[in-house]
Amino acid sequence: MDSPKTLQQAIVYFSDADRAFQYALNLRWPNGVVTCPRCDGEKHSFIKTRKIWYCNPCKKQFTLKVGTIFEDSPIGLDKWMTAFWMLTNCKNGISSYEMARTIGVTQKSAWFMLQRIREVMKPEKGTKIGGSPKNQVEIDETFIGGRAKNMHTKRRIAYQNGDKKAVVMGMKTRNTREVRAMVVPNAKRETLQNKILEHVGWGAHIYTDQHIGYDGVDATHLFVHKTVNHMTEYVRGQVHTNGIENFWSLLKRTLSGTYVAVEPFHLERYVDEQVFRYNHRKHEDRTLMTDLERFEAALPQFVGKRLTYSELTGKDGATPF
């Protein structure tokens with residue numbers, strides 16, 4: 001059977017348990033050599049009826065799910081594959097209630113599945129964006145929280161200047177159209193400029209609004225910094241932040257329209273989800289990516305990542321971020 005190209009084809013394709021197992025097997029061990037996730041041993045026997053291996057060196061059994069985001073999940077790979085396909089390709093995300101109805105699990109299980117998939121979507125730490133005078137990087141920050149008009153008076157006053165709201169900082173490079181976004185503790189100058197030094201290569205042209213947090217970013221002569229005053233203008237030649245603000249519109253539409261209420265300590269994963277979809281809209285040659293290509297860009301990252309329910313809910317003592 002040919003590789004699926006639509007959601008309907010994906011559901012049919014992965015409904016075959018053996019085909020879904022073989023698909024995930026090829027992604028985890030593309031060279032065909034199965035190794036034990038505990039001892040890296042290659043000597044083992046495969047129990048076909050149960051789809052498990054018995055490792056001879058460490059005398060333990062292991063499955064395809066061990067050491068992956070699927071570990072300890074009783075849910076079949078057919079449902080996992082469908083969930084992956086839907087989250088990677090639904091532009092505005094998909095709620096846990098809709099996922100639960102679609103694949104036939106409880107809402108709690110669907111929510112846990114979606115959070116684990118978002119963990120897979122988390123971007124890997126790599127090279128900096130920008131890095132030469134020809135590269136232009138738009139930088140902006142936004143506040144995520146309730147609308148002041150819907151609040152009681154006392155709470156509205158506390159929210160007027162962004163207090164108690166979550167802060168998300170974003171960067172978009174114009175040469176590759178890549179977006180990076182992360183939750184930051186505040187919008188102070190030290191916080192914002194440390195993130196710029198961490199993610200933007202030296203020599204890049206940086207475009208921001210006139211937020212005080214960006215003052216002096218070019219003092220070290222590492223960057224060329226230009227600003228646009230949103231009180232009087234939005235574009236001045238090449239100087240604008242419209243690209244990163246377009247990303248904010250997509251993120252906020254997802255948070256307010258699909259997910260409705262997101263706790264601050266989970267916000268990072270929802271931001272990562274939207275960043276993944278945004279960065280996988282097109283190839284480097286600007287041709288559109290297909291749903292299958294976007295799906296196959298996310299799924300191989302399931303190995304080596306683990307998210308337990310205790311970690312997710314903070315029951316193990318984990319702090320927000």
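Okay, a quick definition before anything else: when I say helix, I'm talking about a DSSP run of H or I with at least four residues, and numbering starts from the N terminus. Also keep in mind that this is a predicted model.

So, with that in hand, which helix gives the most to the lining of the second largest pocket? That would be helix 8, with five residues. The pocket itself holds about 950 Å³ of space. There are 32 residues lining this second pocket, and the closest to its centre are Gly145, Leu255, Val260, Ala261 and Val262. Helix 8 covers 242-259, and the other elements giving two or more residues to that lining are helix 4 (96-103), helix 5, strand 5 (136-144), helix 6 (153-159) and helix 9. By class, you get 16 nonpolar, nine polar and seven charged residues in the lining of the second largest pocket.

Now the largest pocket. Its volume is about 1300 Å³. Here 45 residues make up the lining, and Lys122, Pro123, Glu124, Ala181 and Asp272 sit closest to the centre. Contributing two or more residues each, we have helix 5 (107-121), strand 7 (179-184), helix 7 (189-199), helix 9 (267-279) and helix 11 (309-313). Helix 9 has the largest share, seven residues.

Let's look at helix 4 and helix 5 together. Their axes are 8 Å apart, and the packing angle is about 110°. Angles of 65 to 115 degrees count as roughly perpendicular, so that's what helix 4 is relative to helix 5. Who touches whom? On the helix 4 side it's Ser96, Tyr97, Met99, Ala100 and Ile103, and they meet Gln107, Ala110, Trp111, Met113 and Leu114 of helix 5. That contact has eight nonpolar residues, two polar ones and no charged ones.

Strand 1, residues 44-47, pairs antiparallel with strand 2, residues 52-55, over four bridges. Histidine 44 has cysteine 55 as its bridge partner. The two strands form a hairpin with four residues between them, and lysine 51 in that turn has a positive phi of about 55°.

Strand 2 also runs antiparallel to strand 3, residues 60-62, with three bridges joining them. Tryptophan 53 stands opposite phenylalanine 62 there.

Technical notes. Residues are numbered from 1 along each chain as its sequence is written. This is a predicted model: local features need pLDDT of at least 70, side-chain atom pairs count only at pLDDT 80 or more; totals for chains, interfaces and linings use all residues. Side-chain values use heavy atoms; hydrogens and water are left out. On a 1 Å grid over the protein atoms alone, a cavity is a set of points where a 1.4 Å probe fits but cannot get out, and a pocket is an open set with protein on both sides within 12 Å along at least five of seven lines; lining residues have an atom within 4 Å of a point. Grid points are joined across faces, edges and corners, and a volume is the space filled by probe spheres set on the points. Ala, Val, Leu, Ile, Met, Phe, Trp, Tyr, Cys and Pro count as nonpolar, Asp, Glu, Lys and Arg as charged, and the others, Gly among them, as polar. Axes are lines fitted to C-alpha atoms, for helices over the stretch in contact, and angles run from 0 to 180 degrees between N-to-C directions. Angles under 35 degrees count as roughly parallel, over 145 as roughly antiparallel, 65 to 115 as roughly perpendicular and the rest as oblique. Contact means heavy atoms within 4.5 Å. Two strands pair if DSSP finds at least two bridges between them.
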